[in-house]
Amino acid sequence: MNPFSFSVEELERKARAIRRRIIVLNAESPAGGHTGADLSQVELLTALYFRVLNCSPALQVSDERDIYIQSKGHAVGGYYCVLAEAGFIPVDWLATYQHADSHLPGHPVRHKTPGIELNTGALGHGLPVAVGIALAAKRSNSRRRVFVVTGDGELAEGSNWEAALVAAHYQLDNLIIINDKNSLQLAGATKDIMNTDPLDEKWRAFGLAVTVCRGNDMADVVNTLEALQPQGKPQVIIAHTTKGAGVSFIQGRPEWHHRVPKGDEIELALEELKDE
């Protein structure tokens, strides 16, 4: 059971607070950050950590806890902000993001950061490991579910599709894959760099169940996650998001993949993200 169980309205307020933390976190980092990717996934992670996951700091030693894997590891800044808001790490750690000897490096590292389940960064690694964890849970009769968020550019990595074959073969209906489909990656539009569409047809051809949602619409995200039922096969949510969602001058712009707010941009972004 989730320790927060927030309403949609509470989740929306939490998402705005997380976005404000993302802006400050990236602006103060000595090594930059991935602002666009951090912002696109906010509703997805907020809904998971504050309503859906059977996971909390107190449950980190439980074999029955749900597992979350951040496969798009470059978006770890946004993930750290969620972990801080959920009590896994102290909020004051955020000011040390990517500093020397920080608990918060530029990609997830399990032994450095409480709440991180898997080291990720090289794209295409998160889903294969998630499949192994889900298979182990099935074979040990555990009730745990395994959630993994992937980027859409990441799906050009063949390891994901090998993992999908294995997941379907073993009927891992405790595995939920969430594609953060913001349609942009490092150098431009995903469709121009390596077109993976139609993703829904590809996942279904590999034997997975597919649902589509508006990934920056909190109510739709919650409804989609809570409507999931075991179907004897792994489940994929294609979440259509906007890279940089929530800040007008960042969203939808590929240059913000690895750019951070500077100068007046910081205050402009924070002004847009004030509580309504």
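**Asp197 and its surroundings**

I looked up Asp197 and found a relative accessible area of 36%, so I put it down as partly exposed. I note that the model is a predicted one. The side chain of Asp197 meets that of Lys181 in a salt bridge, 3.3 Å from N to O. Asp197 sits in the loop between α7 and α8, while Lys181 belongs to strand β3 (residues 175–181), so the bridge ties together parts 16 residues apart in sequence. Lys181, at 9% relative accessibility, counts as buried because the cut-off for buried is under 20%.

I then checked the peptide bond between Asp197 and Pro198, which is cis, with omega about 0 degrees. Most peptide bonds are trans. Pro198 is in the loop between α7 (190–193) and α8 (199–205).

**Other salt bridges**

How many salt bridges does a search of the whole structure find? I got 19.

I picked out Arg20 and Asp275, whose closest N and O atoms are 3.5 Å apart. This pair links distant parts of the chain: Arg20 is in helix α1 and Asp275 in the segment after α10 (264–272), 255 residues apart. I list Arg20 as partly exposed at 23% relative accessibility, and Asp275 as partly exposed at 48%.

Next I took Arg145 and Asp66, which form a salt bridge of 3.2 Å, N to O. Arg145 lies in the loop between α5 and β2, and Asp66 in the loop between α3 and β1 (67–70), so parts 79 residues apart in sequence are tied together.

I went through α3 and found it mostly covered, with ten of its eleven residues buried. Among the buried ones are Val42, Leu44, Tyr49 and Phe50. Val52, in helix α3, is also buried, with a relative accessible area of 11%. From Val52 to Ile18 I have 17 Å, C-alpha to C-alpha, for 34 residues in sequence.

Two packed helices are described by the angle between their axes and the distance between the axes. For α3 (residues 42–52) and α4 (residues 76–85), the axes come within 10 Å and cross at roughly 25 degrees. That makes the two helices, α3 and α4, roughly parallel. The crossing of α3 past α4 is right-handed.

For helix α1 (residues 8–28) against α3, I noted an angle of about 125 degrees and axes 9 Å apart. I therefore call α1 and α3 oblique to each other. Their crossing is right-handed.

**Backbone angles**

Most residues other than glycine have a negative phi. Which phi does Asp101 have? I read a positive value of about 65 degrees, although Asp101 is not a glycine. Asp101 is in the loop between α4 and α5 (126–139), and I count it as exposed at 78% relative accessibility.

Asn141 also went into my notes, with a positive phi of about 60 degrees although it is not a glycine. Asn141 lies in the loop between α5 and β2 (146–151) and is exposed, with a relative accessible area of 69%.

**A surface patch**

Last, I looked at Leu165, Val166 and Tyr170, which form a nonpolar patch on the surface with about 260 Å² of accessible area together. Val166 is in helix α6 (residues 158–169), and I have it as partly exposed at 34% relative accessible area.

Notes: Residues are numbered from 1 along each chain as its sequence is written. This is a predicted model: local features need pLDDT of at least 70, side-chain atom pairs count only at pLDDT 80 or more; totals for chains, interfaces and linings use all residues. Side-chain values use heavy atoms; hydrogens and water are left out. Patches are made of residues with over 30% relative accessible area and no salt bridge: like charges are joined within 9 Å, nonpolar side chains (Val, Leu, Ile, Met, Phe, Trp, Tyr) within 5 Å. Accessible areas come from the Shrake-Rupley method with a 1.4 Å probe; for residues, only the protein chains shown count as cover. A salt bridge is a side-chain nitrogen of Lys or Arg within 4 Å of a carboxyl oxygen of Asp or Glu. Helices (H or I, at least four residues) and strands (E, at least two) are DSSP runs, numbered from the N terminus. Buried means under 20% relative accessible area, exposed over 50%, partly exposed in between (1.4 Å probe, protein chains only). Axes are lines fitted to C-alpha atoms, for helices over the stretch in contact, and angles run from 0 to 180 degrees between N-to-C directions. Angles under 35 degrees count as roughly parallel, over 145 as roughly antiparallel, 65 to 115 as roughly perpendicular and the rest as oblique. A crossing is left-handed if the near helix is turned anticlockwise from the far one by less than a right angle, and right-handed if clockwise.
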